[in-house]
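Subject: Structure for you to look at

Hi,

Here is the structure I promised to pass on. Please open it first, then read my notes below.

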Amino acid sequence: MRLRYKMMAALLATRLGSVALVGGVAYVSVNYKVDSLRRHLAAEHFHTYMTAYLAEHGDWQGAIATEST
């Protein structure tokens, strides 16, 4: 092969590699952020619903007595 083609192939491989690397890092970063937001929202929803549940039944013993009848 001629030197020109070897240089073009090397530059193309370098560019594709860097694009893949940046894309992979962005993918991992975004997934981490989305998972963090989901965990935070799940914790907020759990706290909200448990607060309402305990406000309705008083305490755990009242909830057990009400739910088991």
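First, a definition. A patch is made of residues with over 30% relative accessible area and no salt bridge, and nonpolar side chains such as Met and Tyr are joined within 5 Å. Please also keep in mind that this is a predicted model.

**The patch**

Which residues form a nonpolar patch on the surface? They are Met1, Tyr5 and Met8. Together they have about 400 Å² of accessible area. Take Tyr5 from this group. Tyr5 sits in helix α1, which covers residues 3-57. Is Tyr5 buried, partly exposed or exposed? Its relative accessible area is 45%.

**The overall shape**

Next, zoom out. The protein has two helices and zero strands. Its C-alpha atoms fill a box of roughly 85 × 20 × 10 Å along the principal axes. The radius of gyration is 28 Å, whereas a compact globule of 69 residues would have one near 11 Å.

**Surface and charges**

How much of the protein is buried? Of its 69 residues, 3% count as buried. The accessible surface comes to about 6300 Å². Carbon and sulfur atoms account for 68% of that surface. Now the charges. There are 7 positive and 5 negative ones, and their mean positions lie 47 Å apart.

Look at His57 next. His57 belongs to helix α1. Its relative accessibility is 16%. Buried means under 20%, so His57 counts as buried. How far is His57 from Arg4 in space? Their C-alpha atoms are 79 Å apart, and 53 residues separate the two in sequence.

Then find Thr48. Thr48 is also part of helix α1. Its relative accessibility is 47%. That value falls between 20% and 50%, so Thr48 counts as partly exposed. Gly62 is 14 residues from Thr48 along the chain. From C-alpha to C-alpha, Thr48 and Gly62 are separated by 19 Å.

**To recap**

The model is predicted. It shows two helices and zero strands. His57 counts as buried, whereas Thr48 counts as partly exposed.

Best wishes

Key:
Residues numbered from 1 in each chain as written. Predicted model: local features only at pLDDT ≥ 70, side-chain atom pairs only at ≥ 80, totals over all residues. Heavy atoms only, no water. Patch = residues over 30% accessible without salt bridge, like charges linked within 9 Å, V, L, I, M, F, W, Y side chains within 5 Å. Areas by Shrake-Rupley, 256 points an atom, 1.4 Å probe, with all protein chains shown as cover. Salt bridge = Lys/Arg side-chain N within 4 Å of Asp/Glu carboxyl O. Helix = DSSP H or I, 4+ residues; strand = E, 2+ residues; numbered from the N terminus. Buried < 20%, exposed > 50% of the residue type's maximum accessible area, 1.4 Å probe, protein only. Rg over C-alpha atoms; globule rule 2.2 N^0.38 Å. Lys, Arg positive; Asp, Glu negative; His and termini not counted. Charge placed at Lys NZ, Arg CZ, Asp CG, Glu CD.
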